[in-house]
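Here are my notes on the model you sent over. Have it open while you read.

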Amino acid sequence: MYNSTSGAYKGPHKMMLGSTPPPVTITKVFDAWSKSGSRACPSAHTDDEMIENENQSLRDRVADLEKKVHEQTDEIMCLRSTLADVLRRINTIEGARDTRKKSSSRTNHQPEHPFIASFPSSVVNSHSGGRATPTKEGVRLRHHHSDSARDVSKRASSYVPGRSPSATQISRRSAHYQSTSSLYSDGHSSSSVSPAPSPSPTHAQAQASHHPVHHARHTPSPSPFASPARPQQLGALNKRWASTSDFATPSHTARAHSPTPTNSQLSRRPNSGSLHNLNNLRSSTSQLNLTRHGAREAQYNPDEGVVKMYLRGRPLNLYVPTPMREIYNPSGPTAQPPAKLKLEWVYGYRGRDCRNNVYQLPTGEIVYFVAAVVVLYNVEDQMQRHYLGHTDDIKCLAVHPNKLLIATGQTAGHDRRDARPHIRVWDSVSLNTLHVIGISDIERSVACLAFSKADGGSLLVAVDEAPDHNMSVWDWSRGERGYKLLETKCAADQVLAVDFSPVDRNTIITCGKNHISFWNYESGMLAKRMGIFENRERPKYVTSISFTDTGNVISGDSNGNLLIWQRGGNTVCKMVRGAHEGPVFSILVQKDGAIITGGKDGRIIEWDRDLERTGNVIEVPEQYGAPRVVTSGRGTQLVVGTTRNCVLGGTFTFPLRPVMQGHTEELWALAPHPSQQQFLTAGYDRTCYLWDTMAHTIVWSKDIGEHAQSAAFSNNGEIVIIGTTSGRWFVMDSETREMYSQHQDGNEPIQVLRFSPSGQYLAVGSRDNNIYVYQVSEDCRKYTRIGRCQGHSSFVTHLDWSADSQFLQSNSGDYELLFWNAGLCRQIVQTSQMRDVEWASNTCTLNFSTLGIWPEGADGTDINTCAKANQSSLLATGDDFGKVKVFAFPACNQKARCYEYGGHSSHVTAVGYLHDDSRLISTGGRDTAIMQWVVSAASSPSSSSSHR
């Protein structure tokens, strides 16, 4: 990079499509010109002034040429990224076309009866083994009774990769680029295109998926992944993508990665840069993750038709329906789930406590993260892609100087073995993981990280959130796990940001509480110098840092001041007091030298290169929060991430508009609309949102002034009920948001709200152990209490209505299953009388139909929510470990098979199907993320052999 002060280049030049000879510096040109001039004109000393003018003119011309070279380098980088995006789009179109062709020739086999579906003789061929055996007919599914495996099933990944496909299979499937895999896919990616809003959406479940099927089995400890064999030849389509090897970093090859980091060696990808590696993802991995579950061995009494299960040592009697009493076996075969999920859209962004985590890529995609998902969002095309390689909260993000590689760091998860903090370096085009770094070196969480700039991004620096706040420098491209060059204690207090100097190759800057530090890396050692404020006010926090085009450091602090630190030193050369009223959260230095800052005062201010105000100011609306990060978009556009978890876009001329919005506090309430492609969410941020699943936008939002706990739509969809943590619940118009009335039932949170199928009653389950039943009238605008169901010894967690609206079933916090006569508000003591009752819904996690969803050793609180599909035999659950699982309904046998999906980093508080079962919605608790999954038919075992 050129330094206008010294007139020299610092660091090597790297063109995007090849290397160029070392640049000719201004100094060398000037010296050569001066020497030749002095030999030709011995008397030149008499014309010093003329020579000086000529010298200055020459410097200006060379500097102008160098500026043009830089501009052309940027253009080449953009063209390269655009070409990668074009190739990805072509693959997307071809993959969708091929999928439609295959799905048209496939039939979707559904069980004829929901209970008999649990016993298909064609699914299970043997009960003796514990592994899936590939056969000519497909993958044979067997039960696994290992105690150690059951223990692992609670928290560990159950993914085991299959063998690599043959070359002909790769050629045949090479058009399938888009990955629809769950967290356990090698690609760790998903992508989706949002259509325009439509009153009659496409039924996604009618489209059969065409992925390889491998049965996963639990093992006591993670096993090494087998390296796929390299194909001997590639099809014609693969050869077309051979040019994309230019997109890969020359020093390393795309590598596969495990769903959860372990100490075992990661499997290598074939040594090729072509996009056939992307197609290998689909053929070498399996969407089907048949995890085995089961509570403590259930005991079945066929004489009484009752099965007894245990949760934390407490017995629970479940009555078997009469048609199944003679054939039921709790350890019998279980059905494969008839459908699977693909992550389509993620609502939300993490800006409340993270910094520098929004960037615009040259392809037009905005990259950011929420929960354990990195989102690549193309706003113009309304398309999202998702990197799903992480297993817990992502805390930081850095983009490589080539704008194609991305590094993300996560925190430690529930399981210290399978969700350890680490850094993943991955390709933003293919979504392939290239390196997994720091698995055994990072103690708590990756607080911040950055790629080096002056040397083309060969180094990566990361700071741990552990008490010592250790800083480590990595040669990230050396080996699959990278190579740690050094590690040192960074500071005694919190570190908020770290960055490499773009001019001085070995300079690193860190800042945080009570410090800004200047590090120099030489000969394997780091020399540290603390920033000296001299007689200036020392801030409590240095909140942000950046670099000017001359290499000076510019910092913002909690006092609202901006300081410029002399390049190569640790002293302040200029200070702007009161740049913002409060902390300066973000500093952006643009290519033309202009500086843009964002602060807690909600203002975005533009400055010239001398830190003089230009007069351009943006006031961010209060409902969006303060600007946490400001980054450059396309042209003059700015992309802004805010403290209220919003991503905004706009310019100093045109107002900011929301690109993505989300909840800011714990999320609990979810209510799918009964007839439209919409759903409502609410949480502890006191805000309700109505979302459109087709347009992926917010229809409306409303501040209810209280923490929301539950929600429900009336059967006609015109009224929505919101339950709060204070025992109050509101009746609101779902279109105008007009509040019709409010009611009070106790002083404890309203845990669940449920309308009867007839629409005549409303059941209100409270944390005060009671269920309140109301008569509904006047188009669901008037509610009259009938009575109160008393009998639970703990708080009510779930409840369901019978199909005839006469009975209720409910669960409580101490694992009870009780039944009620809703009209009389009386408990039905003879529970055997309820064995053949048909239920309109199945949200109770403890009943006969959900016996198989409980893992062995579950404490009764591990599974937070479940929901049965409205028109199909499908059951979805959400648990404390951030997993969404899909079972065949009823899941009345132990060790029920399921598909398991990750993405949430907190407890999943609610799941729900849309009215036509085309999509499933899941909400995370503290991760505040809302995930929208497309439901598609699962491949039958008999046809799985064609997809291996």
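1. Start with the hairpin of β25 and β26, where 2 residues sit between the strands and S523 has a positive phi near 50°. The two strands, β25 and β26 (residues 525-530), run antiparallel and share 6 bridges, with Y521 opposite L526 in β26. Strands here are DSSP E runs of at least two residues, and helices are H or I runs of at least four, numbered from the N terminus; two strands pair if DSSP finds at least two bridges between them.

2. A word on the basis: this is a predicted model, so to speak of local features pLDDT must be at least 70, and side-chain atom pairs need 80 or more, while totals for chains, interfaces and linings use all residues. Numbering runs from 1 along each chain as its sequence is written, and side-chain values use heavy atoms, without hydrogens or water.

3. T507 faces N520 in β25. This hairpin also has 2 residues between its strands, and N514 in the turn has a positive phi of about 65°.

4. How covered is strand β25 (residues 515-522)? Mostly: 6 of its 8 residues are buried (under 20% relative accessible area; exposed is over 50%, partly exposed in between; 1.4 Å probe, protein chains only).

5. Now look at N561, in the loop between β28 (553-557) and β29 (562-565). N561 counts as buried because its relative accessibility is 4%. Its side chain reaches the backbone nitrogen of G578 at 2.9 Å.

Definitions and conventions
A polar contact is a pair of N or O atoms within 3.5 Å; within protein, one must be able to donate a hydrogen and the other to accept it, and residues adjacent in sequence count only if both atoms are side-chain atoms.
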